[in-house]
Amino acid sequence: MKSVKGYQCKECGRVFYPERKICLGCGGRQFKKIALGKEGVLLTFTKLHALPMDFESRTLMLGIVEFAHGLRALGQLSTDDVEMGMKMRARWDVVRELDGVQLYGLRFYPAKR
Ligand SMILES: [Zn+2]
């Protein structure tokens with residue numbers, strides 16, 4: 001389990017996720033990795049029903065979580081028992097298996113209260 005990192009432009013300080021080659025704010029090309037903190041706030045979410053047939057589950061929850069620095073990231077949600085504004089914990093985790101290969105991505109879990 002790895003913590004989630006953002007990429008901050010060395011020129012203007014804007015933070016991105018995922019990593020970019022060129023800053024959208026100033027065109028800068030140098031970034032440094034920064035920790036985003038473990039928790040963010042769930043801004044919005046959606047439940048997908050029309051998934052490709054090779055998905056092992058029939059539905060998928062996706063959400064956008066806002067972290068420190070105002071960074072917003074899209075990821076899979078661990079549950080459909082969520083509401084906007086709740087605190088979510090981010091992990092870099094297996095999001096699906098394809099032909100026996102584990103694919104990693106951002107996955108958000110409700111933060112323990
Ligand atoms: Zn920049």
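1. Leu 103 is exposed, because 9 other C-beta atoms lie within 10 Å of its own; a residue counts as exposed if there are 12 or fewer such atoms, as buried if there are 20 or more, and as partly exposed in between, with C-beta atoms placed from the backbone. Leu 103 belongs to strand β8, strands here being DSSP runs of E over at least two residues and helices runs of H or I over at least four, both numbered from the N terminus. Leu 103 touches Val 94, Val 95, Arg 96 and Leu 98, leaving aside residues up to four places away in sequence; contact requires that the two C-beta atoms, placed from the backbone, lie within 7 Å. From Val 41, which is 62 residues away along the chain, Leu 103 is separated by 25 Å between C-alpha atoms.

2. A word on the basis of these remarks. The model is predicted, and local features need pLDDT of at least 70, while side-chain atom pairs count only at pLDDT 80 or more and totals for chains, interfaces and linings use all residues. Residues are numbered from 1 along each chain as its sequence is written.

3. As to the overall layout, the chain has zero helices and eight strands, and its pattern along the sequence reads β-β-β-β-β-β-β-β. The C-alpha atoms fill a box of roughly 45 × 35 × 25 Å along the principal axes. Of the 113 residues in the chain, 16% are buried. Where contacts join residues at least 6 apart in sequence, 46% of them link residues at least 24 apart.

4. Two strands are taken as paired if DSSP finds at least two bridges between them, and β1 (residues 5–9) pairs with β2 in the antiparallel sense over two bridges. Within this pairing, Gln 8 has Val 15 of β2 as its bridge partner.

5. The other sheet is a closed barrel of five strands, running β4-β5-β6-β8-β7 with mixed pairing. Its neighbouring strands are turned against each other by 40° on average, direction ignored, where axes are lines fitted to C-alpha atoms (for helices, over the stretch in contact) and angles run from 0 to 180 degrees between N-to-C directions.

6. The parallel pairing deserves a separate look: β6 and β8 (residues 101–110) run parallel and are joined by two bridges. Gln 76 stands opposite Arg 107 in β8, and Leu 77 has Phe 108 of β8 as its bridge partner. Phe 108 and Leu 77 are 4.8 Å apart from C-alpha to C-alpha, though 31 residues apart in sequence.

7. Strand β8 also runs antiparallel to β7 (residues 87–98), to which ten bridges join it; in this pairing Arg 96 stands opposite Leu 103 of β8. The two strands form a hairpin with two residues between them, and Asp 99 in the turn has a positive phi of about 50°.

8. Phe 108, likewise in strand β8, is buried, because 30 other C-beta atoms lie within 10 Å. Leaving aside residues up to four places away in sequence, Phe 108 touches Gly 63, Val 65, Gly 75, Leu 77, Ser 78, Met 88, Arg 89 and Ala 90.

9. Finally, the largest nonpolar core holds eleven residues in all: Val 4, Val 15, Leu 36, Leu 42, Val 65, Phe 67, Leu 71, Leu 77, Met 88, Ala 90 and Phe 108. Such a core is a set of buried Ala, Val, Leu, Ile, Met, Phe, Trp, Tyr and Cys residues joined through C-beta atoms within 7 Å. Leu 36, one of these core residues, touches Val 4, Lys 5, Gly 6, Phe 67, Ala 68 and Leu 71, again without counting residues up to four places away in sequence.
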